[in-house]
Amino acid sequence: MFKGMGRTSQAVLVILCVLRTVKAFEMEIIPAERIVAQIGDTLILTCNTTGCASPSFSWRTQMDSPLGGKVSNHRTHSTLTMNPVSILNSHSYLCTVICDSAEKERKEKSVKVQLYSFPSDPIIEISPSLVAEEPATVTCKIPDVYPSDHLEVLLKKDEHVFHKEDFFQDESTSTETKIVTYTFHPKAEDIGKEITCVARLPIADMDFEPKERTSSQKLNANFGPQNTVITASPGSSPLEGDSLNLTCVTQSNPPAQIVWSKYLAEESIQHLIRNSVLSIPNVHFNDSGLYICEVINLVTNKTEKATVDIIIQGAPVITKLSIEPSTTVQEGENVSIQCSAESNPPPKIILRRKSDNANMGPYSASSILLPSVMFQNGGDYECVAENKFGNSKSEITLNVKYGPKNTMITVIPTDALKEGETVTMKCTSSGNPAPVISWKKKKATGESEEISKNATLTIQNLKSQDLGLYECEAYNLFGKEEKAVKLYIQARLEEPDQMIPLIIAFSSVLAVAVPTVAILIYVSRQAKINGSYSLVKALRLKV
């Protein structure tokens, strides 16, 4: 019972005991104890721990030599990477781990790295050319061997060993190419038999493969190269996109080295590959040309060449569509539009303007010359190249910049107006870039005053002070053009219903003096005849 509880209350006290198994601090090194590695390979040593939350790792060699590798520490393991493995890595490596616990436990393990190098088969050479009963020298080269004091070399004729040599007394401390040379007198019956060089690197306590490498060469007369030919598949005129294989075949002993090259412009040569087969997947027109197979016999010191002319066929490809001096020009410049394409057979090229606005039909040529280009020449131009395999199209746009042209003024309404009505004058103009339009009005002093920057000018509640000369100016970077309209005074009789129809507005270019004077004379004479003269009560506009 607990204090404060009621009589009927009961309390049960449950005590939970959690048992936790704590792992002991342990470590291991992988690979364990000993590892055999080939010089030039990559070797990774890993030091693992268990039972320690925050271990500290360190690596060293037993002789305190440089590690010769890169250390990477992680939460519960550490790695030592040797890439590539070299002679300097031939050590016993120790990994030390200190567990950062209260006890500061320390553990250490080592692994021995043993190295070897036996990377390739022997190279066997027989020189000079074998002739029966004359001395011949066999040379066997074993590249990059280590440790060479375990190397054994046998020279065999078919299955018969005729020479044996070892390097047990060699004291080399690095990889070396070992050479065994032996001179003998071949007999006539030896021609056609195989001379074999057997190289062995038997190290009893080192587990690696192979421990024996061999190379062979037949005893026969060295000759060639000769009768060198090239075969092309599927042929010397493949279609664009096909895969082309050029195979060079020659007769030579020993086998000749084969070098492919291609003639380029100006008699230069592009070296390609050293292989008997030259493969070109998905051939293109620029793969056309003269290919050369050069075969070289390093023993006879002779060479021979064969050539094949490859012509790639297919639909045209447009390689150039250009406008000179630029796609954007000013009216009056000299312009040249050029189109070129490549294909086999040669393409027919048609360069034309897509729009007929300028009355320009198709051109059966690869170029268009536009001396003193006009704005009407601007637009999209299309180049079409075609042959029996298909066609190709490309477009380019000529942008001609020019000053304002065809500036016009439209006045609404055109009938006679009365004072107090509304008149609208709209100014339009073409140009590239689009002209900026503004309106000015001639003052009594003769100066012009800007009254609007809109293309449309509206005069509401027309009054006598609105009369006068209105000028529309169209402007862009390449020039300007002006037009004008003039509102005139109209005379009438004092008596009602006897209005004299007169033209009171006239629009023109700035040179409008003669028509203006004629109209004024006419108005004055009519007023005198009818006995009265007054300001405008109605207006008529004409553009």
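Biologist: Which residues make the nonpolar surface patch of about 430 Å²?

Modeller: The model is a predicted one, in which local features need pLDDT of at least 70 and side-chain atom pairs count only at pLDDT 80 or more, while totals for chains, interfaces and linings use all residues. Residues are numbered from 1 along each chain as its sequence is written, and side-chain values use heavy atoms, with hydrogens and water left out.

The patch is made by Val 436, Tyr 475, Leu 477 and Phe 478. Patch members have over 30% relative accessible area and no salt bridge; nonpolar side chains (Val, Leu, Ile, Met, Phe, Trp, Tyr) are joined within 5 Å, and like charges within 9 Å. Accessible areas come from the Shrake-Rupley method with a 1.4 Å probe, and for residues only the protein chains shown count as cover. Leu 477 sits in the loop between β35 (468-476) and β36 (479-487); strands are DSSP runs (E, at least two residues), numbered from the N terminus. Leu 477 counts as exposed because its relative accessibility is 71%, where exposed means over 50%, buried under 20%, and partly exposed in between.

Side chains of opposite charge can pair when their charged atoms come close. A salt bridge here is a side-chain nitrogen of Lys or Arg within 4 Å of a carboxyl oxygen of Asp or Glu, and the structure holds 13 of them.

One of these joins Glu 125 and Lys 141, at 3.9 Å from N to O. This pair links distant parts of the chain, 16 residues apart, with Glu 125 in strand β9 (residues 123-127) and Lys 141 in strand β10 (residues 136-145). Glu 125 is partly exposed at 37%, and Lys 141 is likewise partly exposed, at 28%.

In another salt bridge, Arg 200 meets Glu 212, with the closest N and O atoms 2.9 Å apart. Arg 200 lies in strand β14 (residues 194-200) and Glu 212 in strand β15 (residues 212-218), so the pair ties together parts 12 residues apart in sequence.

Lys 156 is buried, at 19%, whereas Glu 159 is exposed, at 69%.

Technical notes
Helix = DSSP H or I, 4+ residues; strand = E, 2+ residues; numbered from the N terminus. Buried < 20%, exposed > 50% of the residue type's maximum accessible area, 1.4 Å probe, protein only.
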